Amino acid sequence: MPLQTDGIVVSNGRIKSLYFILGIYCPPIANQIKPGQFVMLKVSDDRSPLLRRPFSVYKSYPVSHPEKRKKGYLFILYKKVGKGTRKMTTLKKGQKVNLIGPLGNGFTLPPLPSSDNSILIGGGVGIVSLCSLGKALESRKLFVFIGGKTQDDILCVEDFKKFNSNIFIATEDGSLGVKGTVVNLFLSQRKKFKKNEKYYIYACGPSAMLKALAGTVKFQNFMCQASLETRMGCGFGACWGCVVKTNHPKTPYQRVCKDGPVFRLEDIVWE
Ligand SMILES: Cc1cc2nc3c(=O)[nH]c(=O)nc-3n(C[C@H](O)[C@H](O)[C@H](O)COP(=O)(O)OP(=O)(O)OC[C@H]3O[C@@H](n4cnc5c(N)ncnc54)[C@H](O)[C@@H]3O)c2cc1C
Ligand code: FES
C-alpha cells in the first residue's frame with residue numbers, strides 16, 4: 001500500500017555533469033519498495049512547483065538490512081532538467097521531504113528456479129530503475145545494455161559490474177562505447193541470444209527508444225517488460241494525466257502511474 005510520509009535528507013550531491021544522488025532516510029518506503037516502482041517526491045515546501053515529481057528508487061535498504069548505516073535509506077539518482085529537479089539540487093542534509101510511495105506495479109521477475117537469461121536495456125536515466133532490478137537478479141546471467149547521448153549520460157556501470165553481468169555501452173556521439181543508439185547495439189549483439197533459450201528483456205528509457213525496441217523484439221523467445229517515463233500529475237491514478245494507449249480490448253487507455261509504469265512492450269500502441 002502506498003503511504004504519504006516524511007523522510008529526512010541524508011545526502012545530496014552531484015555525481016557528474018547534470019546527475020545527482022539524493023539520499024533519504026525513510027524506513028516505511030525503504031521497507032516496501034520493489035524494483036520498477038517509484039515515489040512521488042515533493043521537491044520543495046514552496047508553492048512552485050506545486051506538483052510532486054516521479055522518481056524511481058536507485059537503491060533502497062529495508063530496516064532488516066545487515067549494514068547498520070544503511071537501514072531505512074533510499075537513494076534517488078536524478079538528472080537536473082527543469083524547475084523541480086533544480087530545486088532538488090538545493091536540498092540539504094537534515095531537511096524534511098514528503099514522499100508518496102511505493103507507487104506503480106514494478107517489474108515481474110522471471111519464474112524461479114530458472115536458468116533463463118535477463119537482458120536489461122536502459123536509455124539515459126532509464127537505467128536507474130533497472131539498477132535495483134539488476135540487484136534482484138544478480139544470481140542470473142545478465143546482459144546489460146546502457147545508452148545515452150554522450151559519455152556523461154552513461155550511468156550505473158560500476159553498479160552493474162558488481163553483478164553477474166555482461167555490459168554493453170552505446171553513445172549517440174561515440175564518446176563512450178559503440179557509436180549509435182542502445183537499441184541498435186542490442187540488435188548488433190543478437191547472435192549471442194540462442195533461439196532455443198528464453199530471454200526476459202527489461203527496458204526503461206525515453207519513448208523513442210522503447211518504440212524502436214518494440215519494432216525489433218518480434219521473436220518468440222523474448223518476453224519484454226518496459227517501464228514508461230511518462231509525465232505525471234498525481235502519480236496515483238486520480239487525474240488520468242498519464243494515459244497510454246494499449247491494445248487491451250476493454251481498457252485501451254491505461255494509466256502509467258497506476259496500471260504501470262511497467263507494461264508488456266507488445267501491449268503498447270505507439271502513436
Ligand atoms: C515512473 C518514473 C520514474 C522516473 N524516474 C526518474 C529517475 O529515477 N531519475 C530521473 O532523473 N528522472 C526520473 N523520471 C523523470 C522525472 O520525473 C522528470 O525528469 C522530472 O519530473 C522533471 O521535473 P522538473 O520539474 O525538473 O522538469 P520540468 O520543469 O517539469 O520539465 C523540464 C523538461 O523535462 C521534460 N520532462 C519532464 N518530465 C519528464 C518525463 N517524465 N519524461 C520525459 N521528459 C520529461 C519536460 O518536457 C521539459 O522539457 C521518472 C519519471 C517517471 C514517470
Ligand atoms: S498521474 Fe494522475 S492518473 Fe497518472
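By class, the shell around ligand 1 holds 11 nonpolar, 5 polar and 5 charged residues, where Ala, Val, Leu, Ile, Met, Phe, Trp, Tyr, Cys and Pro count as nonpolar, Asp, Glu, Lys and Arg as charged, and the others, Gly among them, as polar. This is a predicted model, in which local features need pLDDT of at least 70, side-chain atom pairs count only at pLDDT 80 or more, and totals for chains, interfaces and linings use all residues. Residues are numbered from 1 along each chain as its sequence is written, while chains are lettered from A and ligands numbered from 1 in the order in which they are written.

Ligand 1 is surrounded by 21 residues, and the closest are Arg 53, Tyr 78, Gly 82, Gly 84 and Thr 85; a residue is near a molecule if its C-beta atom, placed from the backbone, lies within 6 Å of it. Both domain 1 (3–102) and domain 2 (117–229) supply at least three residues to this shell, with the domain bounds coming from an automatic or database domain assignment.

Turning to the backbone, the peptide bond from Gly 101 to Pro 102 is cis, with omega near -10 degrees, and the bond from Gly 260 to Pro 261 is also cis, with omega near 10 degrees.

Val 39 touches Gly 101 and Pro 102, and its other contacts include Ile 29, Phe 55 and Val 57, not counting residues up to four places away in sequence; two residues are in contact if their C-beta atoms, placed from the backbone, lie within 7 Å.
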